[in-house]
Amino acid sequence: MGLERPIGEYDSVATWAKGLREQWGGDPLAEDPEKLEALAAFCAFDGRDPDELLAFCFLRRKATGDRFVSVKRRDEVAARLRAFRAASGLSGTEARRLVSALLSFFIHNGVQMHTGMV
């Protein structure tokens with residue numbers, strides 16, 4: 001499944017870009033387009049756009065309506081990331097860069113993940 005619009009137009013990608021700019025300065029996604037390519041490839045693999053991927057990780061408390069990260073759903077995404085990494089055929093540094101880019105997307109959007117999960 002392809003994305004309905006350019007990847008940079010999704011709210012979650014804009015949040016990611018803003019977080020990276022605040023952390024590193026410059027325009028990290030423009031300077032390292034492999035990050036966006038990794039996310040686009042994972043979206044195609046998973047069948048969801050970036051905003052849908054992120055929304056899947058969150059639930060709302062019935063009593064208060066507060067939004068929170070679902071550990072179960074986060075773990076499901078981590079399993080999909082592991083499958084994606086394996087399907088990529090990459091190893092070593094290339095596989096670590098791929099995973100790092102994807103984890104960065106989730107982390108900057110409020111879903112705490114780490115390399116040990118993937």
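**Side-chain contacts and core packing in a predicted helical model**

The side chains of Asp32 and Arg97 are joined by a polar contact of 3.5 Å. A polar contact is a pair of N or O atoms within 3.5 Å; within protein, one atom must be able to donate a hydrogen and the other to accept it, and residues adjacent in sequence count only if both atoms are side-chain atoms. Asp32 sits in the loop between α2 and α3 (34–46). Helices (H or I, at least four residues) are DSSP runs, numbered from the N terminus. Asp32 is buried, at 18% relative accessible area. Buried means under 20% relative accessible area, exposed means over 50%, and partly exposed lies in between (1.4 Å probe, protein chains only).

The model is predicted: local features need pLDDT of at least 70, side-chain atom pairs count only at pLDDT 80 or more, and totals for chains, interfaces and linings use all residues. Residues are numbered from 1 along each chain as its sequence is written, and side-chain values use heavy atoms, with hydrogens and water left out. The predictor's confidence in each residue, pLDDT, runs from 0 to 100. Its mean over the protein is 94. A value of 70 or more is reached by 99% of the residues. Among the elements, helix α4 (residues 50–56) has the highest mean pLDDT, 97. The lowest, 92, belongs to helix α2 (residues 28–31).

The largest nonpolar core has 31 residues. Such a core is a set of buried Ala, Val, Leu, Ile, Met, Phe, Trp, Tyr and Cys residues joined through side-chain atoms within 4.5 Å. The residues with the most contacts inside this core are Val13, Leu39, Leu81, Leu102, Phe106 and Met113. At least two core residues come from each of α1 (11–24), α3, α4, α5 (71–88) and α6 (92–108). Helix α6 gives the most, with 7 residues. In soluble globular proteins, nonpolar side chains tend to be buried together.

Val13 illustrates the packing. Leaving aside neighbours within four places in sequence, Val13 is in contact (heavy atoms within 4.5 Å) with Ile7, Gly8, Leu29, Leu36, Leu39, Pro50 and Phe105.

A search of the whole structure finds 5 aromatic pairs. Rings of Phe, Tyr and Trp (its six-membered ring) pair if their centres lie within 6.5 Å; planes under 30 degrees apart count as stacked, over 60 as edge-to-face and the rest as tilted. Trp16 and Phe105 form an edge-to-face pair, with 5.5 Å centre to centre and 80° between the planes. Trp16 lies in helix α1 and Phe105 in helix α6, so this pair ties together parts that are 89 residues apart in sequence. Both Trp16 and Phe105 are buried. Together with Phe106, Trp16 and Phe105 form one aromatic cluster.

A stacked pair is formed by Phe42 and Phe45, with 6.4 Å centre to centre and 25° between the planes. These two residues are 3 apart in helix α3, which separates them by about one helical turn. Phe42 is buried, at 0% relative accessible area. Phe45 is partly exposed, at 30%.

Trp16 also takes part in a polar contact. Its side chain is joined to that of Ser104 at 2.8 Å. Ser104 is placed in helix α6 and counts as buried at 13% relative accessibility. Leaving aside neighbours within four places in sequence, Ser104 is in contact with Trp16 and Leu20.

The structure holds 0 disulfides. A disulfide is a pair of cysteine sulfur atoms within 2.5 Å. Cys43 is in none, and the nearest cysteine sulfur, that of Cys57, is 11 Å away. That distance is too far for a bond. Cys43 is buried, with a relative accessible area of 1%. Cys57 also counts as buried, at 0% relative accessibility.

Two C-alpha separations complete the description. Ala44, in helix α3, is partly exposed at 41% relative accessible area. Glu22 lies in helix α1 and counts as exposed at 59% relative accessibility. The C-alpha atoms of Glu22 and Cys43 are separated by 25 Å, and these residues are 21 apart along the chain.
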